Amino acid sequence: VAVVILALLALLASDPAASAAEELRFGVDVARKGLWQEARFRFERAVVLDPENHSALNNLAIALEQQGDFDKAREAYERALKLKPKSLYIQQNYDLFREADDKRNRKQKRKP
Amino acid sequence: MTSAIGSRSESRSLLLALTAALSLALGACASFVEVPVETPLQSKLDVSAFRRVLIAGFVSDPGEADVDLSPETVRLLQNQLRSHTKMQILEPDRPPLQDALDRLRTRFGDGERLSKADRESFRLEAEKVLQDGEFWRRIGEEFQNPLIVTGKVGFETQNRSGFQTEERVVRGPDNRPRVIRGNRYLERKGFSLNADFVFVDGRTGQTLHKEKFTEEVLYGEDQKVSPLSSYFELMDRLLPNFLGVISPQKIRGTRVLLL
(Lines give C-alpha, C1' and ligand atoms only; values in the text may rest on other atoms or scores of the structure.)
Protein backbone atom coordinates (compact mmCIF):
# COMPACT_ATOMS: atom_id res chain seq x y z
CA VAL A 1 0.00 0.00 0.00
CA ALA A 2 2.81 2.37 0.94
CA VAL A 3 4.44 1.76 -2.42
CA VAL A 4 1.19 2.55 -4.21
CA ILE A 5 0.71 5.75 -2.20
CA LEU A 6 4.30 6.81 -2.87
CA ALA A 7 3.87 6.04 -6.53
CA LEU A 8 0.70 8.11 -6.64
CA LEU A 9 2.42 11.01 -4.87
CA ALA A 10 5.34 10.79 -7.27
CA LEU A 11 2.89 10.79 -10.15
CA LEU A 12 1.13 13.81 -8.70
CA ALA A 13 4.43 15.63 -8.26
CA SER A 14 5.42 14.92 -11.82
CA ASP A 15 2.01 16.00 -13.18
CA PRO A 16 2.22 19.77 -13.62
CA ALA A 17 -1.54 20.18 -14.05
CA ALA A 18 -2.21 18.38 -10.77
CA SER A 19 0.45 20.43 -8.98
CA ALA A 20 -1.03 23.60 -10.47
CA ALA A 21 -4.45 22.60 -9.14
CA GLU A 22 -2.90 22.10 -5.70
CA GLU A 23 -1.29 25.57 -5.82
CA LEU A 24 -4.58 27.01 -7.02
CA ARG A 25 -6.54 25.50 -4.13
CA PHE A 26 -4.04 26.73 -1.57
CA GLY A 27 -3.98 30.18 -3.21
CA VAL A 28 -7.76 30.43 -2.97
CA ASP A 29 -7.65 29.37 0.69
CA VAL A 30 -5.16 32.09 1.64
CA ALA A 31 -6.88 34.70 -0.54
CA ARG A 32 -10.09 34.09 1.38
CA LYS A 33 -8.17 34.94 4.53
CA GLY A 34 -6.95 38.16 2.94
CA LEU A 35 -3.35 36.95 2.55
CA TRP A 36 -2.97 38.29 -0.95
CA GLN A 37 0.83 38.28 -1.12
CA GLU A 38 0.90 34.52 -0.50
CA ALA A 39 -2.08 34.01 -2.79
CA ARG A 40 -0.28 35.87 -5.59
CA PHE A 41 2.79 33.65 -5.12
CA ARG A 42 0.66 30.49 -5.33
CA PHE A 43 -1.27 31.66 -8.39
CA GLU A 44 1.98 32.63 -10.11
CA ARG A 45 3.33 29.13 -9.47
CA ALA A 46 0.13 27.60 -10.78
CA VAL A 47 0.49 29.62 -13.99
CA VAL A 48 4.13 28.56 -14.38
CA LEU A 49 3.17 24.91 -13.88
CA ASP A 50 0.16 25.11 -16.17
CA PRO A 51 0.25 28.14 -18.48
CA GLU A 52 -3.07 27.15 -20.07
CA ASN A 53 -4.93 27.20 -16.76
CA HIS A 54 -7.50 29.98 -17.15
CA SER A 55 -8.55 29.76 -13.47
CA ALA A 56 -4.99 30.34 -12.30
CA LEU A 57 -4.67 33.34 -14.62
CA ASN A 58 -8.00 34.77 -13.47
CA ASN A 59 -7.02 34.40 -9.82
CA LEU A 60 -3.57 35.81 -10.43
CA ALA A 61 -5.19 38.84 -12.09
CA ILE A 62 -7.32 39.41 -8.99
CA ALA A 63 -4.31 39.14 -6.68
CA LEU A 64 -2.35 41.57 -8.87
CA GLU A 65 -5.30 43.97 -8.91
CA GLN A 66 -5.62 43.79 -5.15
CA GLN A 67 -1.94 44.71 -4.84
CA GLY A 68 -2.16 47.63 -7.22
CA ASP A 69 -0.23 45.99 -10.08
CA PHE A 70 -2.83 47.03 -12.63
CA ASP A 71 -0.91 46.58 -15.90
CA LYS A 72 0.00 43.00 -15.05
CA ALA A 73 -3.56 42.36 -13.81
CA ARG A 74 -4.99 43.48 -17.16
CA GLU A 75 -2.55 41.23 -19.00
CA ALA A 76 -3.49 38.23 -16.85
CA TYR A 77 -7.25 38.85 -17.27
CA GLU A 78 -6.82 39.13 -21.04
CA ARG A 79 -4.81 35.90 -21.18
CA ALA A 80 -7.46 34.13 -19.08
CA LEU A 81 -10.22 35.37 -21.38
CA LYS A 82 -8.29 34.28 -24.45
CA LEU A 83 -8.10 30.78 -23.01
CA LYS A 84 -11.74 30.74 -21.88
CA PRO A 85 -13.61 33.39 -23.88
CA LYS A 86 -17.05 32.30 -22.72
CA SER A 87 -16.38 32.32 -18.98
CA LEU A 88 -18.93 34.63 -17.42
CA TYR A 89 -16.94 34.82 -14.19
CA ILE A 90 -13.72 35.92 -15.86
CA GLN A 91 -15.61 38.37 -18.06
CA GLN A 92 -17.39 39.82 -15.01
CA ASN A 93 -14.12 40.17 -13.10
CA TYR A 94 -12.51 41.82 -16.10
CA ASP A 95 -15.42 44.23 -16.56
CA LEU A 96 -15.27 45.24 -12.89
CA PHE A 97 -11.51 45.64 -13.13
CA ARG A 98 -11.85 47.90 -16.17
CA GLU A 99 -14.52 49.97 -14.45
CA ALA A 100 -12.24 50.51 -11.44
CA ASP A 101 -9.28 51.14 -13.74
CA ASP A 102 -11.21 53.83 -15.64
CA LYS A 103 -11.97 55.52 -12.33
CA ARG A 104 -8.30 55.45 -11.41
CA ASN A 105 -7.22 56.76 -14.80
CA ARG A 106 -9.73 59.60 -14.65
CA LYS A 107 -8.28 60.63 -11.31
CA GLN A 108 -4.72 60.33 -12.62
CA LYS A 109 -5.52 62.52 -15.64
CA ARG A 110 -6.95 65.22 -13.38
CA LYS A 111 -3.72 65.31 -11.36
CA PRO A 112 -2.05 68.74 -11.52
CA MET B 1 -51.48 -2.35 -14.73
CA THR B 2 -48.75 -3.59 -12.39
CA SER B 3 -46.20 -3.35 -15.13
CA ALA B 4 -47.30 0.25 -15.86
CA ILE B 5 -46.79 1.21 -12.19
CA GLY B 6 -43.43 -0.57 -12.14
CA SER B 7 -42.32 1.21 -15.26
CA ARG B 8 -43.42 4.62 -13.82
CA SER B 9 -41.48 3.88 -10.63
CA GLU B 10 -38.39 2.92 -12.63
CA SER B 11 -38.63 6.12 -14.65
CA ARG B 12 -38.89 8.15 -11.46
CA SER B 13 -35.79 6.43 -10.02
CA LEU B 14 -33.92 7.10 -13.24
CA LEU B 15 -35.00 10.73 -13.15
CA LEU B 16 -33.86 11.06 -9.55
CA ALA B 17 -30.51 9.46 -10.36
CA LEU B 18 -30.10 11.78 -13.33
CA THR B 19 -30.99 14.83 -11.22
CA ALA B 20 -28.49 13.77 -8.55
CA ALA B 21 -25.78 13.23 -11.15
CA LEU B 22 -26.54 16.58 -12.76
CA SER B 23 -26.46 18.33 -9.38
CA LEU B 24 -23.11 16.75 -8.61
CA ALA B 25 -21.76 17.72 -12.00
CA LEU B 26 -23.03 21.28 -11.59
CA GLY B 27 -21.56 21.40 -8.09
CA ALA B 28 -18.22 20.36 -9.48
CA CYS B 29 -18.42 22.98 -12.24
CA ALA B 30 -19.53 25.76 -9.90
CA SER B 31 -16.24 25.73 -8.00
CA PHE B 32 -15.85 29.41 -7.43
CA VAL B 33 -15.43 31.70 -4.45
CA GLU B 34 -16.53 35.31 -4.24
CA VAL B 35 -14.03 37.43 -2.36
CA PRO B 36 -14.02 41.09 -1.33
CA VAL B 37 -11.21 43.15 -2.84
CA GLU B 38 -9.86 46.59 -2.07
CA THR B 39 -7.86 48.07 -4.89
CA PRO B 40 -5.63 50.98 -3.99
CA LEU B 41 -6.19 54.42 -5.44
CA GLN B 42 -3.33 56.91 -5.17
CA SER B 43 -3.94 60.37 -3.82
CA LYS B 44 -4.16 63.18 -6.36
CA LEU B 45 -1.55 65.25 -4.59
CA ASP B 46 1.83 64.07 -3.39
CA VAL B 47 1.82 65.52 0.11
CA SER B 48 4.89 63.65 1.35
CA ALA B 49 6.77 66.98 1.63
CA PHE B 50 4.33 68.25 4.28
CA ARG B 51 4.29 67.30 7.92
CA ARG B 52 1.41 69.56 8.87
CA VAL B 53 -1.91 70.57 7.40
CA LEU B 54 -3.78 73.76 8.16
CA ILE B 55 -7.46 74.23 7.38
CA ALA B 56 -7.28 77.96 7.01
CA GLY B 57 -10.99 78.78 6.77
CA PHE B 58 -13.41 79.30 3.91
CA VAL B 59 -15.07 82.14 2.11
CA SER B 60 -18.85 82.09 2.26
CA ASP B 61 -21.38 84.62 1.05
CA PRO B 62 -22.11 87.31 3.61
CA GLY B 63 -25.54 86.97 5.17
CA GLU B 64 -25.85 83.19 4.86
CA ALA B 65 -27.11 82.46 8.35
CA ASP B 66 -28.64 78.95 8.15
CA VAL B 67 -25.32 77.28 8.81
CA ASP B 68 -22.13 78.88 10.08
CA LEU B 69 -20.29 77.50 7.08
CA SER B 70 -16.63 78.32 7.62
CA PRO B 71 -16.24 77.11 11.23
CA GLU B 72 -18.42 74.02 10.62
CA THR B 73 -16.41 73.09 7.52
CA VAL B 74 -13.10 73.70 9.27
CA ARG B 75 -14.10 71.51 12.21
CA LEU B 76 -15.45 68.74 10.01
CA LEU B 77 -12.36 68.62 7.80
CA GLN B 78 -10.03 68.68 10.80
CA ASN B 79 -11.84 65.69 12.27
CA GLN B 80 -11.78 63.80 9.00
CA LEU B 81 -8.12 64.50 8.33
CA ARG B 82 -7.19 63.37 11.82
CA SER B 83 -8.25 59.83 10.96
CA HIS B 84 -7.19 59.82 7.30
CA THR B 85 -3.75 61.37 7.20
CA LYS B 86 -0.49 61.05 9.07
CA MET B 87 0.08 64.80 8.90
CA GLN B 88 -0.29 66.85 12.05
CA ILE B 89 -3.53 68.81 12.01
CA LEU B 90 -2.94 72.41 13.06
CA GLU B 91 -5.79 73.90 15.04
CA PRO B 92 -5.35 77.64 15.56
CA ASP B 93 -7.89 79.44 17.77
CA ARG B 94 -9.00 81.45 14.78
CA PRO B 95 -8.65 80.20 11.22
CA PRO B 96 -6.11 82.55 9.57
CA LEU B 97 -8.43 83.46 6.70
CA GLN B 98 -10.97 84.76 9.20
CA ASP B 99 -9.12 88.01 9.95
CA ALA B 100 -8.83 88.88 6.28
CA LEU B 101 -12.52 88.12 5.72
CA ASP B 102 -13.54 90.10 8.80
CA ARG B 103 -11.72 93.13 7.40
CA LEU B 104 -13.70 92.75 4.17
CA ARG B 105 -16.96 92.41 6.10
CA THR B 106 -16.22 95.60 7.99
CA ARG B 107 -15.65 97.31 4.66
CA PHE B 108 -18.71 96.02 2.83
CA GLY B 109 -21.03 95.18 5.72
CA ASP B 110 -22.63 91.88 6.55
CA GLY B 111 -26.10 90.43 6.81
CA GLU B 112 -29.28 90.18 4.81
CA ARG B 113 -29.51 93.86 3.93
CA LEU B 114 -26.25 93.89 1.98
CA SER B 115 -26.80 95.24 -1.53
CA LYS B 116 -26.21 93.05 -4.56
CA ALA B 117 -23.29 95.26 -5.62
CA ASP B 118 -21.64 95.04 -2.19
CA ARG B 119 -22.14 91.29 -2.19
CA GLU B 120 -20.42 91.06 -5.56
CA SER B 121 -17.57 93.32 -4.40
CA PHE B 122 -17.12 91.15 -1.33
CA ARG B 123 -16.93 88.05 -3.54
CA LEU B 124 -14.32 89.64 -5.80
CA GLU B 125 -12.17 90.84 -2.93
CA ALA B 126 -12.40 87.46 -1.19
CA GLU B 127 -11.38 85.76 -4.42
CA LYS B 128 -8.35 88.05 -4.57
CA VAL B 129 -7.35 86.93 -1.06
CA LEU B 130 -7.67 83.28 -2.06
CA GLN B 131 -5.35 83.89 -5.01
CA ASP B 132 -2.86 86.04 -3.12
CA GLY B 133 0.30 83.93 -3.07
CA GLU B 134 2.14 86.35 -0.78
CA PHE B 135 -0.72 86.23 1.77
CA TRP B 136 -0.56 82.42 1.87
CA ARG B 137 3.24 82.38 2.00
CA ARG B 138 3.09 84.57 5.12
CA ILE B 139 0.47 82.28 6.68
CA GLY B 140 2.65 79.32 5.76
CA GLU B 141 5.66 80.92 7.40
CA GLU B 142 3.68 81.60 10.57
CA PHE B 143 2.54 77.95 10.79
CA GLN B 144 5.86 76.33 9.77
CA ASN B 145 5.16 75.57 6.13
CA PRO B 146 2.08 73.37 6.24
CA LEU B 147 -0.15 72.23 3.43
CA ILE B 148 -2.95 74.81 3.51
CA VAL B 149 -6.55 73.94 2.69
CA THR B 150 -8.90 76.82 1.97
CA GLY B 151 -11.53 77.81 -0.59
CA LYS B 152 -15.18 78.77 -0.87
CA VAL B 153 -18.27 77.10 0.52
CA GLY B 154 -21.85 77.91 -0.37
CA PHE B 155 -25.01 76.38 1.05
CA GLU B 156 -28.46 77.30 -0.21
CA THR B 157 -32.02 76.38 0.59
CA GLN B 158 -34.03 75.53 -2.50
CA ASN B 159 -37.77 75.61 -2.65
CA ARG B 160 -38.92 72.94 -5.08
CA SER B 161 -42.62 73.05 -4.24
CA GLY B 162 -44.99 72.76 -7.13
CA PHE B 163 -47.55 70.68 -8.93
CA GLN B 164 -46.62 67.14 -9.78
CA THR B 165 -48.43 64.70 -12.03
CA GLU B 166 -49.78 61.72 -10.18
CA GLU B 167 -51.37 58.50 -11.34
CA ARG B 168 -54.03 56.69 -9.32
CA VAL B 169 -55.70 53.39 -9.97
CA VAL B 170 -59.46 53.40 -9.32
CA ARG B 171 -62.11 50.79 -9.96
CA GLY B 172 -65.14 51.70 -12.02
CA PRO B 173 -68.74 50.44 -11.57
CA ASP B 174 -67.79 47.38 -13.62
CA ASN B 175 -64.99 46.72 -11.09
CA ARG B 176 -62.33 47.22 -13.74
CA PRO B 177 -59.21 49.14 -12.70
CA ARG B 178 -58.63 52.48 -14.42
CA VAL B 179 -55.64 54.80 -14.25
CA ILE B 180 -56.51 58.41 -13.47
CA ARG B 181 -53.96 61.16 -13.95
CA GLY B 182 -54.06 64.32 -11.89
CA ASN B 183 -51.92 67.10 -10.49
CA ARG B 184 -51.13 67.50 -6.81
CA TYR B 185 -49.34 70.36 -5.10
CA LEU B 186 -46.27 69.05 -3.29
CA GLU B 187 -44.26 71.03 -0.82
CA ARG B 188 -40.66 70.09 -1.25
CA LYS B 189 -37.55 71.65 0.11
CA GLY B 190 -34.00 71.08 -0.94
CA PHE B 191 -30.49 72.16 -0.10
CA SER B 192 -27.45 72.54 -2.30
CA LEU B 193 -23.84 72.65 -1.27
CA ASN B 194 -21.05 74.08 -3.41
CA ALA B 195 -17.49 73.68 -2.26
CA ASP B 196 -14.36 74.90 -4.03
CA PHE B 197 -11.38 73.54 -2.18
CA VAL B 198 -7.97 75.09 -2.78
CA PHE B 199 -4.78 73.32 -1.69
CA VAL B 200 -1.88 75.72 -1.15
CA ASP B 201 1.81 75.03 -0.63
CA GLY B 202 2.58 76.83 2.64
CA ARG B 203 6.28 77.06 1.70
CA THR B 204 5.69 79.14 -1.42
CA GLY B 205 2.08 80.33 -1.23
CA GLN B 206 1.39 78.74 -4.62
CA THR B 207 -1.85 76.90 -5.36
CA LEU B 208 -1.15 73.19 -5.79
CA HIS B 209 -4.60 71.97 -6.65
CA LYS B 210 -8.25 73.04 -6.88
CA GLU B 211 -11.27 70.83 -6.60
CA LYS B 212 -14.91 71.81 -7.06
CA PHE B 213 -17.83 69.84 -5.67
CA THR B 214 -21.58 70.31 -5.93
CA GLU B 215 -24.11 68.21 -4.06
CA GLU B 216 -27.88 68.55 -3.77
CA VAL B 217 -30.58 66.92 -1.71
CA LEU B 218 -34.37 67.16 -1.91
CA TYR B 219 -36.79 66.32 0.88
CA GLY B 220 -40.47 65.47 0.75
CA GLU B 221 -43.15 67.43 2.61
CA ASP B 222 -43.22 64.92 5.46
CA GLN B 223 -39.49 65.16 6.09
CA LYS B 224 -38.44 67.83 8.52
CA VAL B 225 -34.70 68.18 8.14
CA SER B 226 -32.74 71.05 9.61
CA PRO B 227 -30.29 72.93 7.38
CA LEU B 228 -27.39 71.87 9.61
CA SER B 229 -28.13 68.15 9.34
CA SER B 230 -28.63 68.54 5.61
CA TYR B 231 -25.26 70.32 5.41
CA PHE B 232 -23.62 67.34 7.13
CA GLU B 233 -25.43 64.90 4.87
CA LEU B 234 -24.11 66.69 1.79
CA MET B 235 -20.60 67.08 3.20
CA ASP B 236 -20.58 63.38 3.96
CA ARG B 237 -21.16 62.68 0.27
CA LEU B 238 -18.26 64.78 -0.93
CA LEU B 239 -15.76 63.89 1.79
CA PRO B 240 -14.36 60.74 0.09
CA ASN B 241 -13.44 62.82 -2.95
CA PHE B 242 -11.95 65.56 -0.79
CA LEU B 243 -9.88 63.02 1.13
CA GLY B 244 -8.83 61.38 -2.14
CA VAL B 245 -6.88 64.54 -2.98
CA ILE B 246 -4.42 64.13 -0.14
CA SER B 247 -4.70 60.58 1.12
CA PRO B 248 -4.76 57.26 -0.73
CA GLN B 249 -8.21 55.74 -1.06
CA LYS B 250 -9.47 52.26 -1.78
CA ILE B 251 -12.03 51.09 -4.28
CA ARG B 252 -14.03 48.29 -2.70
CA GLY B 253 -15.61 45.52 -4.71
CA THR B 254 -15.88 41.78 -5.18
CA ARG B 255 -14.23 39.36 -7.59
CA VAL B 256 -14.72 35.67 -8.29
CA LEU B 257 -11.83 33.29 -7.70
CA LEU B 258 -11.96 30.05 -9.68
CA LEU B 259 -10.86 26.58 -8.61
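Buried area is the accessible area (1.4 Å probe) that two parts lose on being put together, summed over both. The model is predicted: local features need pLDDT of at least 70, side-chain atom pairs count only at pLDDT 80 or more, and totals for chains, interfaces and linings use all residues. Residues are numbered from 1 along each chain as its sequence is written, chains are lettered from A and ligands numbered from 1 in the order in which they are written, and side-chain values use heavy atoms, with hydrogens and water left out.

View 1. Contact means heavy atoms within 4.5 Å. By that rule, 24 residues of chain B are in contact with 32 residues of chain A. B:K44, B:R255 and B:L258 supply 28% of the area that chain B buries against chain A, more than any other three residues.

**View 2. The five-stranded sheet of chain B.** Helices (H or I, at least four residues) and strands (E, at least two) are DSSP runs, numbered from the N terminus. Chain B has six helices and nine strands. Five strands form an open sheet in the order β3-β2-β4-β7-β8, with mixed pairing. Two strands pair if DSSP finds at least two bridges between them. β3 (88-90) and β8 of chain B are the edge strands, each pairing on one side only. From one strand to the next, the twist averages 25 degrees. β4(B) and β7(B) run antiparallel, joined by 13 bridges. Here B:V153 stands opposite B:A195 in β7(B).

**View 3. Two helices on the sheet.** Axes are lines fitted to C-alpha atoms, for helices over the stretch in contact, and angles run from 0 to 180 degrees between N-to-C directions. α2(B) lies across β2, β3, β4 and β7 of chain B. Its direction is at about 155 degrees to β2(B). α6(B) also packs on the sheet, touching β4, β7 and β8 of chain B. The angle between α6(B) and β8(B) is about 145 degrees.

**View 4. The largest nonpolar core.** Such a core is a set of buried Ala, Val, Leu, Ile, Met, Phe, Trp, Tyr and Cys residues joined through side-chain atoms within 4.5 Å. Buried means under 20% relative accessible area, exposed over 50%, partly exposed in between (1.4 Å probe, protein chains only). The largest core has 35 residues. B:F197, B:F199, B:F242 and B:I246 have the most contacts inside it. Elements of chain B that each supply at least two of its residues include β2 (52-59), α2 (69-84) and β4 (147-159). α6(B) gives the largest share, nine residues. Leaving out residues up to four places away in sequence, B:F197 touches several others, among them B:F58, B:L77, B:F213 and B:F242. A second, separate core of 32 residues includes A:F43, A:L60, A:A63 and A:I90.

**View 5. A:R40 in its helix.** This residue lies in α3 (residues 36-49) of chain A. A:R40 is buried, with a relative accessible area of 15%. Its side chain makes a polar contact of 3.3 Å with that of A:D69. A polar contact is a pair of N or O atoms within 3.5 Å; within protein, one must be able to donate a hydrogen and the other to accept it, and residues adjacent in sequence count only if both atoms are side-chain atoms.

**View 6. B:K250 in its strand.** B:K250 sits in β9 (residues 249-258) of chain B. With a relative accessible area of 48%, B:K250 is partly exposed. Beyond neighbours within four places in sequence, B:K250 is in contact with B:E38, B:T39 and B:P40.
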